[in-house]
Amino acid sequence: MFSQLRMREEQALLAHDYALEQAEEKGLELNSTPKVRQKKSNFWGVFIMKLTYDDKVQIYELRKQGYSLEKLSNKFGINNSNLRYMIKLIDRYGIEFVKKGKNRYYSPRLKQEMIDKVLHENWSQDRVSLEYALPNRGMLPNWMAQYKKKRV
């Protein structure tokens, strides 16, 4: 477990160094301090990496410069599909949207409306998540699982 954590830290530092080199070559200026926070370990003892706002800005800029999702995923330790979702959110709502603010409240009625879009109107979960500007793509599947449990 500790070695995995250390490996993630090393990946973040390498990614940051590489991004700085690339930015320097292109005449851009990026932050000089890597800021990757760690969340407490989950139930299985795996540490989850959280991106700071600066990390998200850097990922977005690198993606727009042509870096592949796979390369960014490896460098920042974030799943490809989560990166793709974050980039779509930024494209649609602007970079400030991914800044961590206070937790948002979603009423049961609004949650049901989103679930109905998926179940009755055949919208994809990602489409609903983007349309309703959910901050991550895992929220809606969690709500749907809770909904299905209650119906059984």
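Me: What pattern does the protein chain follow, read along the sequence?
Reply: The order of elements is α-β-β-α-α-α-α-α-α. In this predicted model, the protein chain has 7 helices and 2 strands.

Me: How many residues does the protein chain have, and what share counts as buried?
Reply: The protein chain has 152 residues, and 32% of them count as buried. The accessible surface is about 10,300 Å², with 50% of that belonging to carbon and sulfur atoms.

Me: What makes serine 129 count as buried?
Reply: The cut-off for buried is under 20% relative accessible area. Serine 129 has 1% relative accessibility, so it counts as buried. Serine 129 is found in helix H6. Leaving out residues up to four places away in sequence, serine 129 touches Tyr85, Leu134, Arg137 and Leu140.

Me: Which residues of helix H3 are buried, and how do you know that they line one face?
Reply: In helix H3 (residues 69–76), the buried residues are Leu69, Leu72, Ser73 and Phe76. Down the axis of H3, these buried residues fall within an arc of 100 degrees, so they line one face of the helix. Just after H3 comes glycine 77, with a positive phi of about 70 degrees.

Me: Why is H3 called roughly perpendicular to H4?
Reply: The axes of H3 and H4 cross at roughly 110 degrees and come within 9 Å. Angles of 65 to 115 degrees count as roughly perpendicular, and H3 is therefore roughly perpendicular to H4. On the H3 side the residues in contact are Leu69, Glu70, Leu72 and Ser73, and they meet Asn80, Leu83, Arg84 and Ile87 in H4.

Me: Why is H5 called roughly perpendicular to H7?
Reply: H5 and helix H7 (residues 139–151) pack at an angle of about 90 degrees, their axes being 10 Å apart. The range for roughly perpendicular is 65 to 115 degrees, so H5 is roughly perpendicular to H7. Lys111, Gln112, Met114, Ile115, Val118 and Leu119 in H5 meet Leu140, Trp143, Met144, Tyr147 and Lys148 in H7.

Me: What makes lysine 64 and aspartate 91 a salt bridge?
Reply: A salt bridge needs a side-chain nitrogen of Lys or Arg within 4 Å of a carboxyl oxygen of Asp or Glu. In the pair of lysine 64 and aspartate 91, the closest N and O atoms are 3.4 Å apart, and the two form a salt bridge. This pair links distant parts of the chain, with lysine 64 in helix H2 (residues 53–64) and aspartate 91 in helix H4 (residues 80–93), 27 residues apart. The structure holds 5 salt bridges.

Me: Why do lysine 64 and aspartate 91 count as partly exposed?
Reply: Partly exposed lies between the cut-offs of under 20% for buried and over 50% for exposed. Lysine 64 is at 49% relative accessibility, so it counts as partly exposed. Aspartate 91 is at 43%, which means that it also counts as partly exposed.

Me: Which parts does the pair of arginine 92 and glutamate 131 tie together?
Reply: The side chains of arginine 92 and glutamate 131 meet in a salt bridge of 3.1 Å, N to O. Arginine 92 lies in helix H4 and glutamate 131 in helix H6 (residues 125–131), so the pair ties together parts that are 39 residues apart in sequence. Arginine 92 is partly exposed at 43% relative accessible area, and glutamate 131 is partly exposed at 38%.

Me: How do you know that glutamate 121 and lysine 117 are separated by about one helical turn?
Reply: They are 4 residues apart in helix H5 (residues 108–121), and so about one helical turn separates them. Glutamate 121 is partly exposed, with a relative accessible area of 44%, whereas lysine 117 is buried at 17%.

Me: Is asparagine 122 buried or exposed?
Reply: Exposed means over 50% relative accessible area. Asparagine 122 has 67%, so it is exposed. Asparagine 122 is found in the loop between H5 and H6 and has a positive phi of about 55 degrees although it is not a glycine.

Me: What makes alanine 133 buried?
Reply: Alanine 133 has a relative accessible area of 15%, and the cut-off for buried is under 20%. Alanine 133 is therefore buried. Alanine 133 is found in the loop between H6 and H7, and its phi is near 55 degrees, a positive value in a residue other than glycine.

Terms used
Residues numbered from 1 in each chain as written. Predicted model: local features only at pLDDT ≥ 70, side-chain atom pairs only at ≥ 80, totals over all residues. Heavy atoms only, no water. Buried < 20%, exposed > 50% of the residue type's maximum accessible area, 1.4 Å probe, protein only. Areas by Shrake-Rupley, 256 points an atom, 1.4 Å probe, with all protein chains shown as cover. Arc of directions from axis to C-beta. Axes fitted to C-alpha atoms, helices over the stretch in contact; angles between N-to-C directions. Parallel < 35°, antiparallel > 145°, perpendicular 65-115°, else oblique. Contact = heavy atoms within 4.5 Å.
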